[in-house]
Amino acid sequence: MTEKRQSIHGEWTSRWAFILAATGAAVGLGNIWKFPYIAGINGGGAFVLIYLACVLIIGIPLMMTEVLIGRRGRQNPAGTMRSLAKDTGRSKHWQWIGAIGILSSFIILSYYCVIAGWAMNYIFRAASGAFHHASASQINHIFQHFVANPWKLLFWHSMVMLVTIFLVIRGVKGGLELAARFMFPAMLGLLIVLVIYATTTNHFIQGLTFLFKPDFSKLNSTSALSALGHAFFTLSLATGSIMMYGAYLPKKASITRAAIYIAIADTFVALLAGVAIFPIVFANGLQPSAGPGLIFQTLPIAFGQMPYGSLFASLFFLMLVFAAITSTISLLEPSVAWLIETFRISRLRASLYAGFGIWILGLGTIFSFNILENVKIFGMTIFDNLDYLTANIMMPLGGLLTVFFAAWLMRRSDVLEELGISDRLLFRAWYFAIRYLTPLAILLIFLNFVGIIQF
Ligand code: TRP
């Protein structure tokens, strides 16, 4: 029975198509916008170290697990979990892991599109020469003035949402492969230009020190949890995105190698972004803990001082939008697949319904930067709450339950067969990780957070 499952949405054309699409889903605002700003808020080095450890111990094994579950179930995350639970005679309530994942992707997308909208606006702003030789305070003023205007944010949020819906309606494969193929090298090239600029700021070493020298005194109980949450976020885990992409993966492709490539590419981009940004922060007397506006307040300074800076800046934000769109698509897909499979409606209608719901929820994030800026729930803005709830609670919990399911409830032989690792040692290492290491690491960070243990 399990052998014959087919996805009703089609399959990737090749293993590389999957790797490209999954890398596209992984690399996005998380790497370039979010990583630097949360590393900044959490004091740098020590946070980065925990994040890297989480990618290795939790991220890679979980990504393999999700792809294998997705490929075995071949449906939306909730449907997949239900089928696999049934295969081994477990309760159908396991489908809730999938459902929580779908809900997380829904929530994340609502704010993700708002930030991608900022980047889209910056393509045009940069092209108009607004950053040319502008001072740090002028650039800060431009940013503050922009986010204070809810109508502008709404307009750009809507643009990103429309592009995403359009691409998802066309099906996963359509323009996505092409976009990922050309976007990724261009993005890397521009990041390297920024890193070279950063070496000329006289604060390069200070930036590197901030990013890589662990100072554990700067960690507090939430920073370790944020590092864990970010490892999930940046690799697109525990929300059904990767499970969904796994559902479209041809049978023969090697899951292990794919997961490793994706994690390396993703981490590399994040570290490059950090190396580019922090020297600029220090050279201009800015605060690393500036928050979500960090890249919008720092990178334009660098571009403004470079020859052809307006062109480079415009291209950079264009690539950032591409990178974001390859992620927004992966965030919309689980909700759409769920609607299609549950209510038997067309892809067109499913994409419109889900897109509309997400668009509305996005208003909460838009207003967090202006009219509702001072409305705090649990001491945080609406945007911060949505981010906290998904990255620090829903995703770690979903990830924990997912590895638990694969490690302890699925048959070992099924798992082995689906993963297809011919190398027994590698299989054992992975299996050991998902049975003990990964869940333990997640639990430790949680327990530390709630204060039951202290490190
Ligand atoms: N990983 C993407 C980024 O870093 C965002 C993303 C795409 C995502 N799909 C996801 C985050 C699923 C969480 C879950 O920009």
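**Close-up 1. Ser236 and the ligand.** In this predicted model, a polar side-chain atom of Ser236 sits 3.0 Å from a nitrogen atom of the ligand, a polar contact (a pair of N or O atoms within 3.5 Å). The protein covers 100% of the 360 Å² of accessible area that the ligand has on its own, with areas taken from the Shrake-Rupley method with a 1.4 Å probe.

**Close-up 2. Backbone atoms facing the ligand.** Look here for a polar backbone atom of Leu29, 3.1 Å from an oxygen atom of the ligand. A polar backbone atom of Thr234 is 3.1 Å from a nitrogen atom of the ligand.

**Close-up 3. The residues around the ligand.** There are 17 residues around the ligand, each with a heavy atom within 4 Å of it. Ala26, Gly30, Tyr112, Phe233 and Ser236 come nearest.

**Close-up 4. A nonpolar surface patch.** Leu56, Ile57, Phe404, Trp408, Phe432, Tyr436 and Leu437 make a nonpolar patch of about 680 Å². Helices α3 (45–73), α16 (382–409) and α18 (424–449) each supply at least two of the residues; α18 gives the largest share, 3 residues. Helices are DSSP runs (H or I, at least four residues), numbered from the N terminus.

**Close-up 5. Ile57 in helix α3.** Ile57 lies in α3 and is partly exposed, with a relative accessible area of 31%, between the limits for buried (under 20%) and exposed (over 50%).

**Reading the views.** Residues are numbered from 1 along each chain as its sequence is written. Local features need pLDDT of at least 70 and side-chain atom pairs 80 or more, while totals for chains, interfaces and linings use all residues; side-chain values use heavy atoms, leaving out hydrogens and water.

Definitions and conventions
Patches are made of residues with over 30% relative accessible area and no salt bridge: like charges are joined within 9 Å, nonpolar side chains (Val, Leu, Ile, Met, Phe, Trp, Tyr) within 5 Å. A salt bridge is a side-chain nitrogen of Lys or Arg within 4 Å of a carboxyl oxygen of Asp or Glu. Buried means under 20% relative accessible area, exposed over 50%, partly exposed in between (1.4 Å probe, protein chains only). A polar contact is a pair of N or O atoms within 3.5 Å; within protein, one must be able to donate a hydrogen and the other to accept it, and residues adjacent in sequence count only if both atoms are side-chain atoms.
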